[in-house]
Structure formats: structure tokens, C-alpha cells
Amino acid sequence: MKHLSRTAAALPAVVLISLLVGCGDDTPNNPPEPSAPPPSAAPTAPPPPSPSLPGQASCQRIGLGTLNSNCPRGGPNFQVQMEQAIDQVLRQKPQIFENHPLGYKVLSPGQLFVGVIENLDRMGLCATFDGEEIQVKSSNDLNDQFHIITSNFILRRGESMYRATCFPASFPTPAPPLNPTPNCRLAPSRSLTCTRELPSKYILDVDRAIVAVSREHPEVFDFSRTQTGTDWYKIVDNDRYFSLMVEKMTSFGYCSIYDGEELAVKGENGFNEQFDIYAGDGFVRRGEGSYRSTCYPATF
């Protein structure tokens, strides 16, 4: 299961002030020695932006759950609230649904999960997505598990989406820290889910970056070797290629990382896109085939 949690601590500052008073005889007191000026305070770096995670106010208030839970299938405790949260997403984001003979087909599962979690949070319920089911709790006594999309991306409604109730609540459990991305103005984030959603929003800029890198750093490529019928050239320095692509996307105003397999790009924390810009045979991969998935929220 994937779980989300945040903790925070603040240290109080204590200021001590001492006042020294001297007494003298009838002779005038000598003027005090001038004290050395206090050292100038070192410039304080601005605090890093707070992590960007959806619908966490209620989870922070309720606190962590446990992995040592018993999860039988009894009856749902939060069915009504789950239905209301889904209805709200249907009104808030009608563009992510498509009419289907079996109901609504979900075109963007990530936006659905994020929307449901945020709507439940506004109701005072802690919720998250564990990679398969949405978990909901109002305290750490118990939580319900809901599976709200079928394998064919059809939206589930009614009691069929209820799966189990866990005693005590099974989430969230401590998550690894979110590290800021170098040269990124946005807070770190963690995605709930990633799916392929066409058309890609960033693909034109990724392609523009590839062209710019190839022109500015020809030493990274072997232009005598291209794929048949294309200008997709051979890469001779893989590490340099990926680092230059991150730098170029950053210069375009995006936040970007190479995660060891794909180029991740975000312009906001609501989502990011993943690109596989390196073909298995060592050539540059460009065009629609380079786009792999969209993650909600952003995955870094």
C-alpha cells in the first residue's frame, strides 16, 4: 500500500536579556567602554516550500494508522460520503468522464482519485489511494476500503465499490521524506497514480528541448547514425544527454528530473508527465512515442 503522512515540529526561541547596574563613589563615573557591535546576522535562506499533497488536513488532524489491521468485509461506514464525493467530481470535472453503456468511463483516474480525496477531506474525512483502493477514516478506530474503478475504467457506484473495513485504521503510515528538486520553484510532491492520457501537454516542449540540445551540444550525438527516415540520432554520452535535457526543460520554465528511466516534467504540482526519450537501441526517442504517462499529483 502507498500511504501519505506529514509531521511538523517547531522549536521555541528563547531570548535572555541581562542588565548590569554599577555603583560608584563621589567621583564621577568613568564613561563605559564602548561595547563591540553585535555580529551581523547571517542571511537566512528562505524556508523550502511545503510539500504539495492532496487533501491532507484531515489526515494530519487524525494521525497515523497501522499496518497491523484486521480487514474483514462487513458493511461500509462511509458509503454516503463516498457517493457524495464522487458526485462532486462529476460536477467539478465532467471532462474526465465519458458516457458508456455500463455507466461513466473514467478518462483520467488520477484526477478522479485526487478529486474524491480532496472532497472527502473537506467533509473532515482522511482519505488516500493505496494504488488500488481509496481508504477512508474519521478516526483511527477503523477505515473503509473502496474500489471505485473497474479494470475497464468504468466508474463503480453503489455498494459494489465497498471492499472491506480495517480495525484499527490501516493508514497512513510513515512515508519517506519529500526532497526538494534542484532549481525548481515548486514544492516537492508525491503522485497517487499515473496513466497514459493523450494528448500530452508538454510533448512539444520536450521535442523542442531535444532539438536545442542536439544543436548546442553536438558532441553528445553521432549524427552519422540516424534511424531510417528520421533525424533521430545516436546518443554517445547518455548521462550528459539526460542532464542537458533536464537543464533545457528547466530553462523553459519547467521543473524536471531524470528518474533513471524517464524524463519527468512538471509546470505545476497538480500533475506531471513522464517521457522515455531514450530508445533501447541507443537512439533518441522523439514524438508521441516518447510520452509515457501523466501522474496526479506530480510525482516529484
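**Helix pair and sheet**

I began with helix H4 (residues 203-216) and helix H5 (residues 238-251), which pack at an angle of about 120° with their axes 9 Å apart. For my own reference, axes are lines fitted to C-alpha atoms, for helices over the stretch in contact, and angles run from 0 to 180 degrees between N-to-C directions. Helices (H or I, at least four residues) and strands (E, at least two) are DSSP runs, numbered from the N terminus.

I then looked up which residues touch, contact meaning heavy atoms within 4.5 Å. H4 contributes Asp205, Val206, Ala209, Ile210, Ala212, Val213 and Glu216, and H5 contributes Tyr241, Leu244, Met245, Lys248 and Met249.

I note that this is a predicted model, where local features need pLDDT of at least 70, side-chain atom pairs count only at pLDDT 80 or more, and totals for chains, interfaces and linings use all residues. Residues are numbered from 1 along each chain as its sequence is written, and side-chain values use heavy atoms, with hydrogens and water left out.

Next I traced the open sheet, whose 5 strands follow the order E7-E13-E12-E11-E10 with antiparallel pairing; two strands pair if DSSP finds at least two bridges between them. Its edge strands are E7 (193-195) and E10 (255-258), each pairing on one side only. I found 4 bridges joining E10 to antiparallel strand E11 (residues 263-266), and Tyr258 stands opposite Leu263 in E11. H4 packs on this sheet, touching E11, E12 (272-275) and E13 (291-296), while H5 touches E10 and E11.
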